[in-house]
Amino acid sequence: MGGGSRRPERSGGSLVNSTPLVFLGILLGLSASWWGMVVAPKWQLGTGSTVVAKETGQHYPSARPGLAQQGAQIYRSEGCNTCHSQVVRPEGFGSDLGWGWGRRRTVAQDYLRDQPVMLGTVRVGPDLSNIGSRMGAGDTNAQPAMVAYHLKHLYHPRSVMAKSVMPAYPYLFEKRPVNGAPSVDALKLEGEFAPEAGFEVVPRPEATALVAYLLSLRSSISLPEAPVVPPPTNGVAVATNATANPAR
Amino acid sequence: MASSDWTIKPAPSTSEVDASLRWVVFTLTAKSALWLVVGSFLTLLASVKLHAPAMMSTASWLTYGRLLPAGWSALVYGFLGQAGVAVGLWLLARTCVQKLQTPLLVVLGGCLWNLGVLAGVIGILAGHSTGREWLEMPAGAMAVLVLGAGVIGTAGWVTYSARTESSPYPSAWFVLLALLAFVWFGTVALMMLGGEGARGVVQVLVQRWFAEGLLKLWLGALGLAVILHELPTLVNRPLASRQLALVGFWALVFFAPWGATGHGDPVPRWLVSAGIAGKTLATVGVLAIGLNLLKTLEGAWGTLFGTLRGRLIGVAALSYVGGGMLQFLGSLRSVSSVVGLTWFHAGLEWLLVGGGVMLAVIAVLPETFERATGRALAPGLISAHAWLTMVGVILVAIPLLLAGVVQGSALAKVAGTYMESLQGSMHFVRLSSLGFTLFFIGQFALLAGVLNVGREMLMDFVGIAKGWAAVPGDRKGVGARS
């Protein structure tokens, strides 16, 4: 070791000879991107406030209900964002709208109230920006069926979606002996997914909160900067990935 | 400043410089080797869980969404944050021809750092992830890391200011940059994300700016410090151009973290443009580095790839420059509409971090270790470690990149069900499990080597203590004083 490269020629380095100057130079360089990528956008976006949506006359985005807010923390804690994005890309850029993941692209306004904002980086599963309105949108009768679907899916994804690679989350549920009449909350599980006779599977509060969060995920109100795109006319609108979805 | 007046100081000998790093290098390497085993195990488990999603699903800490960030944190902060810094400090001391200053403080900073990583990894597994990529460790753990990095970084900068070489070799700048960058990005991210400090997508901007900064200016800078130093040495030539290295350095410092935004992001249009411009200018920096290495290497590829160490450095340099190019390509509108938000992202991270940085670090780690501690790691273990890591990393990065392209192309045409569109890419994702397996097995070789040396040192110590105990009582005082 210790060839010529260790004691190099002395030319060209005079600018970086004074320690404080090097320090300040690097710090200046590092702060350039901070001003541009963080501080300036914070000035522009950090003061943003809710807007009144034309469609509903209500403030958007509204605060999530308390249970859904707890659910958001379960979503964070379980790392659902390692596989799911929450961003619908614009029309003509990828096929997010084609998959029915939203009626329009998502914009900064949609994330105003989220803490943390979990956009995601890799989509192993489908985008979830609008999972709350994608299944049986606006149909209040569909609500219980949707809750049941999500709970079953979380307990064991393959019980509703063959070959799913989404992890099962049995620890968000409790398997317990049936005590007298079966609980109304018990999951309707069939075949290999059903518990042993005399047992039932009921959601723990974490699972209930998580599903409340999923159902609160809706970013499809028309906004001036992101008007709703008319649905595709070729009739292949894919409402959800779930073929076995009762709410479809 | 008087401290820049290097000419009046007598230069220490190379062996004095090396010896000043003895405990720093030993402790950092030993702890990093442990984290490497932990991190590669967690990432392997995560990868296996994609084959068998219901396996071991009753334990919350074994869920994919926790294993992956915990494993990545162990690899990045536990391994690279220590082994990379150990190697970096050694290069810094060597190129500045100065003993490492306040080495005990560095050992202390290293202990703080480990405390932070431990709390962070356990925190993620226990469900306290922050949900922000690269920043998943709970804020408290991250704060301890920043503190540790501050202590270590100060020692590095003090060493530089006490240098006896007037204009050190470019590797020194990259090490200095890395030491400062971690503290800067860490402090700012913690401050801006604490409490309700940042609203909405501003959080994402802070997080991505942090991740990009750490990737390019902390890890990337450490990798480049090694590559720029090793590659010319291995082919026994001087670096082609110091000026070109300067251009690359400053282009990266100023522009690399701008790459936080891209097409399709839910942010104002000007921010997307700024992000693209930043990526382009940072690519100029990568090109300058690549060109420099290419000119240095002209006609000497055979020499470089003739040795195992050369292969590691060669593959690391190719990964760094190739990864930089791919990242630029992936940010172009037409390409990112396909590969954006796919496995491509994960593949790129593995190419840049695993290939560009990790391979470079493990190439010099054995020499750093031997020079500083005076004890060699067993050569058989070193080459087993090098081969398994190199092949493992390649078999992770390439399949994941391909998975991203296949997945993106399938998603681009809306046909069939989502699961059907996923099938093609999952083959490649599963292939990467093979890479993760080799990578995991390989890490035992390094750990075994370091443990062996630790045992030797302990035996020596016991031998000395025994010898001391055997000396008659009335002479002990004499021996201790002399």
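Predicted model: local features only at pLDDT ≥ 70, side-chain atom pairs only at ≥ 80, totals over all residues.
Residues are numbered from 1 along each chain as its sequence is written, and chains are lettered from A in the order in which they are written. Local features need pLDDT of at least 70 and side-chain atom pairs count only at pLDDT 80 or more, while totals for chains, interfaces and linings use all residues; side-chain values use heavy atoms, with hydrogens and water left out.

We can begin with the interface. Contact (heavy atoms within 4.5 Å) links 93 residues of chain A with 113 residues of chain B. The two chains bury about 8500 Å² between them, with 64% of it on carbon and sulfur atoms; this buried area is the accessible area (1.4 Å probe) that two parts lose on being put together, summed over both. One salt bridge is counted between chain A and chain B, where a salt bridge is a side-chain nitrogen of Lys or Arg within 4 Å of a carboxyl oxygen of Asp or Glu. Glu78(A) and Arg66(B) form a salt bridge through their side chains, at 2.8 Å from N to O.

Next come the cores. A nonpolar core is a set of buried Ala, Val, Leu, Ile, Met, Phe, Trp, Tyr and Cys residues joined through side-chain atoms within 4.5 Å, with buried meaning under 20% relative accessible area, exposed over 50%, and partly exposed in between (1.4 Å probe, protein chains only). The largest such core has 219 residues, and Trp134(B) and Trp218(B) are among those with the most contacts inside it. Helix α7 (residues 201-234) of chain B supplies the largest share of this core, 21 residues; helices (H or I, at least four residues) and strands (E, at least two) are DSSP runs, numbered from the N terminus. Leaving aside residues up to four places away in sequence, Trp218(B) touches residues including Tyr77(B), Trp113(B) and Phe182(B).

The backbone also has some features worth a look. Cis peptide bonds join Tyr60(A) to Pro61(A), with omega about -5°, and Gln115(A) to Pro116(A), also with omega about -5°. Pro61(A) sits in the loop between β2 (59-60) and α2 of chain A. Trp134(B), in the loop between α4 (103-125) and α5 (139-161) of chain B, has a positive phi near 75° and is buried, at a relative accessible area of 4%. Lys163(A) has a positive phi near 65° but is exposed, with 61% relative accessibility.
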